[in-house]
Amino acid sequence: METVGPNGEIYDHFDGRTLNPGHAVEAAWFIMREGKLRGDGRLVDVGCRMLDWTWQRGWDEQHGGMLYFVDLRGLPVQEYWHDMKFWWPHNETIIATLLAHKLTGDARYEQMHRQVHDWAHVHFPDREHGEWFGYLHRDGRISVPLKGNLWKGPFHLPRMQLLCWRILNGM
């Protein structure tokens, strides 16, 4: 959840029901990684459940890819860019699914990883000039050819590549 009450309660309005799958997936792999570092399987399980829950709500069954914002109850979302595909949630989901597969050995995380990895690597890369485009329409078409601005910098993509290489190197 992006916004909750002081005791974790859900506010039943636009802001209270707004989910950003990229944030939730990023938090999921942070928790899985902490569980691995501590040797705490309960934390790994919490992270995997967060990933499962977020995938169920954030993966676009119609066009593929991770949606940018969704409503907890499937109601309309107020942000006009809600159904776009941004580069960074895909980077985070690629990391999370690969890490979940490594830590659990569960084949469904391998399938999820292949699904998001393949979708992202078909739609985001600029094959002519390198780097990834940042913003796609829901159907995967490029929305704007920007590959850098105040929000899209050289962080999520190189971090994904480095962390996935380290995960794969350890498998």
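A charge is taken to sit over a ring if NZ of Lys or CZ of Arg is within 6 Å of the ring centre and within 35 degrees of the ring normal. Arginine 108 meets this description, lying over the face of tyrosine 109 at 4.4 Å from the ring centre. The model is predicted, and local features need pLDDT of at least 70, side-chain atom pairs count only at pLDDT 80 or more, and totals for chains, interfaces and linings use all residues. Residues are numbered from 1 along each chain as its sequence is written, and side-chain values use heavy atoms, with hydrogens and water left out.

**Nonpolar core**

- A nonpolar core is a set of buried Ala, Val, Leu, Ile, Met, Phe, Trp, Tyr and Cys residues joined through side-chain atoms within 4.5 Å; buried means under 20% relative accessible area, exposed over 50%, and partly exposed in between, with a 1.4 Å probe and protein chains only.
- The largest such core holds 37 residues, of which Met32, Leu51 and Trp132 touch the most other members.
- At least two residues of this core come from each of α2 (21–38), α3 (41–58), α4 (87–104), α5 (107–123), β4 (135–136) and α6 (156–169); helices (H or I, at least four residues) and strands (E, at least two) are DSSP runs, numbered from the N terminus.
- The largest share of the core, eight residues, is supplied by α4.
- In soluble globular proteins, nonpolar side chains tend to be buried together.

**Helix α4**

- Of the 18 residues of α4, 15 are buried, and the helix is thus mostly covered.
- The expected span of a helix is 1.5 Å times one less than its number of residues.
- For the 18 residues of α4 this gives 26 Å, which agrees with the 26 Å between its end C-alpha atoms.

**Tryptophan 132 and its surroundings**

- Contact means heavy atoms within 4.5 Å.
- Leaving out residues up to four places away in sequence, tryptophan 132 touches Trp87, Asn91, Ile94, Ala120, His121, Phe124, Pro125, Asp126, Lys147, Lys152, Leu157 and Met160.
- Glutamate 131 is found in the loop between α5 and β4.
- Glutamate 131 has a positive phi of about 65 degrees although it is not a glycine, and it is partly exposed, with a relative accessible area of 36%.

**Aromatic rings**

- Rings of Phe, Tyr and Trp (its six-membered ring) pair if their centres lie within 6.5 Å; planes under 30 degrees apart count as stacked, over 60 as edge-to-face and the rest as tilted.
- The structure contains eleven aromatic pairs.
- The rings of phenylalanine 86 and tyrosine 135 form an edge-to-face pair, because their centres are 4.8 Å apart and their planes stand at 90 degrees.
- This pair links distant parts of the chain, with phenylalanine 86 in strand β3 and tyrosine 135 in strand β4, 49 residues apart.
- Phenylalanine 86 and tyrosine 135 are both buried.
- Phenylalanine 124 and tryptophan 132 are stacked, because their ring centres lie 5.4 Å apart and their planes are at 10 degrees; both residues are buried.
- One aromatic cluster is formed by Tyr68, Phe69, Tyr80, Trp81, Phe86, Trp87, Trp88 and Tyr135.
- Lysine 152 lies over the face of tryptophan 87, at 5.4 Å from the ring centre.

**The sheet and its loop**

- Two strands pair if DSSP finds at least two bridges between them.
- An open sheet is built from three strands in the order β3-β4-β5, with antiparallel pairing.
- Since β3 (85–86) and β5 (142–144) stand at the edges with a single partner strand each, one side of each is left without a neighbour in the sheet.
- The antiparallel pairing of β4 and β5 runs over two bridges, and leucine 136 stands opposite isoleucine 142 in β5.
- Glycine 140 is found in the loop between β4 and β5 and counts as buried at 9% relative accessibility.
- Beyond its neighbours within four places in sequence, glycine 140 is in contact with Trp119 and His123.

- Glycine 16 is found in helix α1 (residues 14–17) and is buried, with a relative accessible area of 0%.
- Apart from residues up to four places away in sequence, glycine 16 touches Met1, Thr3, Ile10 and Tyr11.
- Threonine 18 lies in strand β1 (residues 18–19) and counts as buried at 6% relative accessibility.
- With residues up to four places away in sequence not counted, threonine 18 touches Met1, Glu2, Phe69, Val70 and Glu79.
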